[in-house]
Amino acid sequence: MTAMLEVKNVSKSFGAVRANESISLEVHEGRIVGLIGPNGSGKTTLFSSIVGAHPVDEGSIRFQGREISRLRVADIARLGLIRTFQQTRIYGGMTCVENMLISASQRGSSLLDLFHIRSAARGRQAEDLLAFVGLHAKRHLRADSLSFGQQKLLEFAMALMNEPKMLMLDEPTAGINPILIDGLIDRLKQANAVFGVTLFVIEHNMRVIMSLAEHIYCLAHGELLAEGPPEEIRNDRRVIDAYLGAH
Ligand SMILES: Nc1ncnc2c1ncn2[C@@H]1O[C@H](COP(=O)(O)OP(=O)(O)OP(=O)(O)O)[C@@H](O)[C@H]1O
């Protein structure tokens, strides 16, 4: 079966820093796949390459069989490949619902389409998704009045407004308290199971990634160090050494 996302021999340097060195990996449709590795191992660089934030030096990136390594971010997003960031990117002065509508409008519809025909449906979708992440009661509050964890949930709901086929999440649980983390893991699994969104997740929290991902890739020093199911990765000597060596 062809992978939904296929990364082949991708390399990316920043000056003398070889951030990614001939990385190859695959994410199959409907799966939840993890990407781990010590700080500076090249995870975010790989995500940025995949979504078109910067050109790669070498290699191929295919999404649903189509070469995307030379496409721009907006064009890749339009294909249904969307990423979220380590730092939340929400508009603090706007309400949750307004943030949701702004997020959906970035998908690139015509103005007429956007403001007249689809606005009612979009409003309903925004409310439904806010309910899905547990923020319905706060939908008319300013986003900057939410806790950090709630802002992450809002950002997740905003990403879902774009109806992604694949969502790439960069440390979704960073900075969130443990109680909200469990809720977020549950929502991520639900989005995968109910909406069919394929997830590719960078995560530092080992408990989170082990309970979330079905398959995990581990980077170290810009190279692919190991891959396998969580129980295999958890016990992989090279992975353990890479983490111990990094701290
Ligand atoms: N825009 C950039 N300019 C110069 N160097 C960069 C740039 N982005 C990343 N790097 C370097 O590339 C290497 C890999 O960084 P990257 O952020 O991809 O790692 P990471 O695994 O995501 O780290 P973390 O877990 O800390 O987020 C690091 O040495 C970093 O300093």
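## Where helix α1 sits

Across which strands does helix α1 lie? Helix α1, residues 43–51, lies across β3 (32–36), β6, β7, β8 and β9 (215–220), and runs at about 150 degrees to β7. On another sheet, α1 lies across β1 (5–14), β2 and β4, at about 65 degrees to β2. Here two residues are in contact if their C-beta atoms, placed from the backbone, lie within 7 Å. Axes are lines fitted to C-alpha atoms, for helices over the stretch in contact, and angles run from 0 to 180 degrees between N-to-C directions.

A word on the model before going further: it is predicted, with local features needing pLDDT of at least 70 and side-chain atom pairs counting only at pLDDT 80 or more, while totals for chains, interfaces and linings use all residues. Residues are numbered from 1 along each chain as its sequence is written. Helices (H or I, at least four residues) and strands (E, at least two) are DSSP runs, numbered from the N terminus.

Let's take the mixed sheet to begin with. Its six strands form an open sheet in the order β6-β7-β8-β3-β9-β10; two strands pair if DSSP finds at least two bridges between them. At the edges stand β6 (81–84) and β10 (223–228), each with a single partner strand, so one side of each is left without a neighbour in the sheet. On average, neighbouring strands are turned by 20 degrees against each other, direction ignored. Within this sheet, β7 (residues 166–170) and β8 (residues 198–202) run parallel and are joined by five bridges, with Met 166 opposite Thr 198 in β8.

The other open sheet has four strands in the order β2-β1-β4-β5, and its pairing is antiparallel. Its edge strands, β2 and β5 (66–67), each pair on one side only. Two bridges join β4 (residues 58–63) to β5, and Arg 62 stands opposite Glu 67 in β5.

## Around the ligand

Helix α1 returns here, as it gives the most to the shell around the ligand, with three residues. The ligand is surrounded by Phe 14, Val 17, Ala 19, Gly 37, Asn 39, Gly 40, Ser 41, Gly 42, Lys 43, Thr 44 and Thr 45; a residue counts as near if its C-beta atom, placed from the backbone, lies within 6 Å. Two or more residues of the shell come from each of β2 (17–27) and α1.

By class, the shell has three nonpolar, seven polar and one charged residues. In this scheme Ala, Val, Leu, Ile, Met, Phe, Trp, Tyr, Cys and Pro are nonpolar, Asp, Glu, Lys and Arg are charged, and the others, Gly among them, are polar.

The domain assignment gives domain 1 (1–80 + 164–247) and domain 2 (92–163), with bounds from an automatic or database assignment. Their C-alpha centres lie 25 Å apart. The contact takes 15 residues from domain 1 and 13 residues from domain 2. On the domain 1 side, α2 (73–78) and α7 (178–194) each supply at least two residues, and α7 gives the most, with five. That side divides into 10 nonpolar, three polar and two charged residues.

Helix α6 (residues 148–161) packs against α7 at an angle of about 10 degrees, with axes 10 Å apart. That makes α6 roughly parallel to α7 (angles under 35 degrees count as roughly parallel, over 145 as roughly antiparallel, 65 to 115 as roughly perpendicular and the rest as oblique). Gly 149, Lys 152, Leu 153, Phe 156 and Leu 160 in α6 meet Leu 180, Leu 184, Arg 187 and Ala 191 in α7.
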